[in-house]
Amino acid sequence: MQTADIQKHFSVNHSSARTLTSQLEKRIARFIEEHEDGTLLPPEEMLAKLLGVSRVTVRNALKPFLEKNQIVREVRRGTRIRKSVPFRESAEPLDPLALGMVWRRVPQKTLRLLSYETLPLQESFWNRIVREYSAKNPGTQIKIVSMKSGMLSRNLSELLQEKQIDLFLYSHSYSEMLPELARPLPEDLRIQMTGPEYLSAAEAFRENPAYHYLLPLNFSTGVIAWNGALAARIGLKDIRRRLEKGKLLELILEAAPLLPDTCHAAGHAWDLLALAGCPESSSEIQQLEKRLLQLEPVLKTPRACIVSPTHSLEELIRKFHDGRLLFFPTLLNTIFARGIPDVPFQMCPLHPEEGCRNLIMSLDLAISRFSGATEESEKFMKFLISPQIQKWIATIKRAAPIRRENFYDFMKQEFQYLPEQADHWLREHKLFRSQFLRGENYHRFLTFDCRSELEDIAAGRFSAEKAASLLRVKYNSQLTTLKEEAM
């Protein structure tokens, strides 16, 4: 296939708000639809080079079609369209109830919940929920549909229809608008959540359009955890007091030269960038430039932090559990995602810098617009905000419950906070204020869109000032796209 043909069939828009993977996946689908069985697709390497994307992006875009047998890879022959074999979902094992063996116990309804919570502790929580709900409601079966790699790059509306989803956990990285995906919450549930029993303030449900559709179940508290044994080994002292004074970067620079070669003083560089929070008065770019200048010495110091954009969160969790990471600024439930770490550790709550706020996103549940079991979905939602389940959120998931009484118990258990201290901490973070607006966009930008620039600073290819200038252009372009889509 010629270069011009590849550009014609597979070109992507790098300035679009939609992911490159999602765009390319749609292009591939159209190519398959328009061409005959056996037509060859361009090689991955050629596609990546001509489109200006990574091979990982190309591979992720091709993956759904490989799984559906719509394309096939053959050694020395390449990747070609395969229309001769129709795709069939992998068959689920037959339920003996379906054979009429115990017909009186056949569930009347099945609710399908699409969940991106697939780490061990999260799965443990949802499995318990399924058992408990099924025991109390024998006429209903809850089926958890796990969000697999590649699903996020797809059109979510189509995915909800294809998988026959009734309820789904809402991610702030979804590009579709909520009305395209979800039904409005029932009024009695909205009224319940605005009462004093829950943390979700009444003004959020009145003023924030998102909460016409989303039910918050819990949120993750920000913490800085540190390996006590590793700190003692290198002689690092007075850590808690210095962290409370905002001296994390100073501690990292002090610790890095003293650590063994296999260790790092801190986790991902982009987490350190986002740690400062979203500015409430000054411009986001001014805050970003200030933080980059603060981070520059850390980025250029060996073993100070991890700057590789391909280093995954799971690898980071593993490093902390294995004792190879000194400081871990993250969300509390991330630390415990694989169970209690194997190393002695301490932690303190994360507070935003002066004039900023840290964004702590809630875990939100929505009813699919395509659900055929709306009433049962509402019943399951009310079950999830009940006192017993909110207690399980705290004890199993190690996340902060949305029910006020359980939240206070959680903060006392984890951080020895009194209710007034917990309230102050929550006010600083402004959990339910201006959700999905400019501040949230800025937080996502710091976490996902600055990684290559941070790597360039660390490698000496850019100064912090040059990186800030390039990021200013990228961020303003992103804001323009968001404004255009909102119109």
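Does Arg73 count as buried, partly exposed or exposed, and what is its relative accessibility? In this predicted model, Arg73 counts as partly exposed, at 42% relative accessibility.

**Figure 1. Salt bridge between Arg73 and Glu44.** The side chains of Arg73 and Glu44 meet here, with an N to O distance of 2.3 Å. Arg73 belongs to strand S1 (residues 71-74) and Glu44 to helix H3 (residues 44-51), so the pair ties together parts that are 29 residues apart in sequence. Whereas Arg73 is partly exposed, Glu44 has a relative accessibility of 12% and counts as buried.

**Figure 2. Network of salt bridges that includes Arg73 and Glu44.** Arg55 and Arg59 are linked with Glu44 and Arg73 in this network of salt bridges. The structure as a whole holds 19 salt bridges.

**Figure 3. Salt bridge between Glu117 and Lys397.** The closest N and O atoms of Glu117 and Lys397 are 3.0 Å apart. Glu117 is found in the loop between strand S3 (109-115) and helix H5 (120-136), and Lys397 in helix H18 (residues 387-397), so this pair ties together parts that are 280 residues apart in sequence. Both Glu117 and Lys397 are buried.

**Figure 4. Salt bridge between Arg241 and Asp238.** In this view the side chains of Arg241 and Asp238 meet at 2.5 Å, N to O. Arg241 is partly exposed, its relative accessible area being 39%. Asp238 is likewise partly exposed, with a relative accessible area of 40%.

Definitions and conventions: Residues numbered from 1 in each chain as written. Predicted model: local features only at pLDDT ≥ 70, side-chain atom pairs only at ≥ 80, totals over all residues. Heavy atoms only, no water. Salt bridge = Lys/Arg side-chain N within 4 Å of Asp/Glu carboxyl O. Helix = DSSP H or I, 4+ residues; strand = E, 2+ residues; numbered from the N terminus. Buried < 20%, exposed > 50% of the residue type's maximum accessible area, 1.4 Å probe, protein only.
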